[in-house]
Amino acid sequence: MGKVYYRLVLDGTSTVYVAATAVPPTDAAVTATEGVRVSVQDADGRTCSAPDTASIGAGRSPRPLTVWGARQLPSSRSLCRGAGTYYVVVERVLRTESSPGDWDLELAPVLEPRLRKAGSTSAPEAWDSATPSPPGGEAVRRRGGGGFTSATALEQGAWRDDVRPGQTLFYKVPVDWGQQVYATADLSSASGGGEGGGFVPGGVNLALYNPVRGLVDDTSISYNGSQKSGALAALPPVGYDNRYAVSDRVGGMRFAGSYYLVVHLAARVGEEFGDGPFGLTLRVRVQGEATAGPGYAGRSEPSGIFQVGLLGRGSGTVGDTDSSDAGGDGGGGAGMKLVAVGGIGAGTLLLAVLGVWVVVGRRRAAGV
């Protein structure tokens, strides 16, 4: 089981998240249960939060897998409270039938500054969990992006696109403090072609990731050649205190910012029903009035992660760019460094550095 290690040098006041996206080659033979795992550990190898694992799933189709780890403050784990050296550990989860080969790996670390004033340490007890109706009307064509950084911006409404077997499309939706997001995905019927006529378990996957690329919710839709529809579960309004919830679905809704909708069509759909393209319709609803944010003491790294709109609403009071996460190098500007200290496989590590802050590390590593 291959592992890659990165060293994090952190301050003692900020929460840090590190998302790792592993991308198998498009022609790789993959199993349902293999995948990738990430954890953040202290200098003695003890985890600061439960490791997060993502698997290929029933569609058995090579697709991007994203997991996230954290050093969260305040922390009940005393060893993870202080400033100093921590480690991000990314490992590929292998099975006996897994195929050897390299997977691409992209890291996206984010620093979340502390609050100006301490707030509640418990999740909201009640929220409107009724499933809203998806927006109707004629869908507008919008082409999806090929990754998180190139995700296509969407607002509330109905949107259409084309997707081919084996393809993954990325979209982003701005969701402010106090707002709820809801989405459905409809895949058209097959127009013919293909040698089969069968059934593809997990043929379509719809996932929602938060602004630091942490998985909030996903749903898999089996496909038999007829039009199919899938929907995300009802989610709570965005709120800082959601992070204290037991449910990952609630806990993921902890930031304002861009939430990512990611759609993957399994490669096996092409074997059964032809190369397509297949019509995709996304219906997105964002409801609720934007409210004041929690009031951060500084700014995120990179800047702007937790803001919504051109005025930088998000981390302070609504529209307050002085207290919001609107940019600049104030706050925790020297709060984090990310440095590679180990790894396996071929290739070189590329680090994009802004001051003391490493934005993204990317490599091809055997077994990762």
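**View 1. Antiparallel pairing of strands S11 and S16 in the predicted model.** Strand S11 (residues 168-175) and strand S16 (residues 257-265) are joined over 8 bridges and run in the antiparallel sense, in a model that is predicted. Within this pairing, Val 175 has Gly 257 of S16 as its bridge partner.

**View 2. The open sheet to which S11 and S16 belong.** The sheet is built from 5 strands in the order S9-S11-S16-S13-S14, and it is an open sheet in which the pairing is mixed. Its edges are formed by strand S9 (152-153) and strand S14 (215-223), each of which pairs on one side only. In a regular strand the side chains alternate between the two faces of the sheet.

View 3. Although Arg 213 is a residue other than glycine, its phi is positive, near 70°. Its relative accessibility is 9%, and Arg 213 therefore counts as buried, for which the cut-off is under 20%.

View 4. Because its relative accessibility is 44%, Arg 60 counts as partly exposed, whereas Arg 213 counts as buried.

**View 5. Strand S7 and its pairing with S2.** Of the 11 residues of strand S7 (residues 102-112), 10 are buried, so this strand is largely enclosed by the rest of the structure. Strand S2 (residues 15-23) runs antiparallel to S7, and the two are joined by 9 bridges. Along this pairing, Ala 19 stands opposite Ala 108 in S7.

**View 6. The cis peptide bond between Gly 276 and Pro 277.** Gly 276 and Pro 277 are joined by a cis peptide bond, for which omega is about 10°. Pro 277 lies in the loop between helix H2 (268-273) and strand S17 (278-287).

**View 7. The cis peptide bond between Glu 301 and Pro 302.** The peptide bond that runs from Glu 301 to Pro 302 is also cis, and its omega is near -5°. Pro 302 is found in the loop between S17 and strand S18 (336-340), while Pro 277 belongs to the loop between helix H2 and S17.

How values were computed
Residues are numbered from 1 along each chain as its sequence is written. This is a predicted model: local features need pLDDT of at least 70, side-chain atom pairs count only at pLDDT 80 or more; totals for chains, interfaces and linings use all residues. Side-chain values use heavy atoms; hydrogens and water are left out. Two strands pair if DSSP finds at least two bridges between them. Helices (H or I, at least four residues) and strands (E, at least two) are DSSP runs, numbered from the N terminus. Buried means under 20% relative accessible area, exposed over 50%, partly exposed in between (1.4 Å probe, protein chains only).
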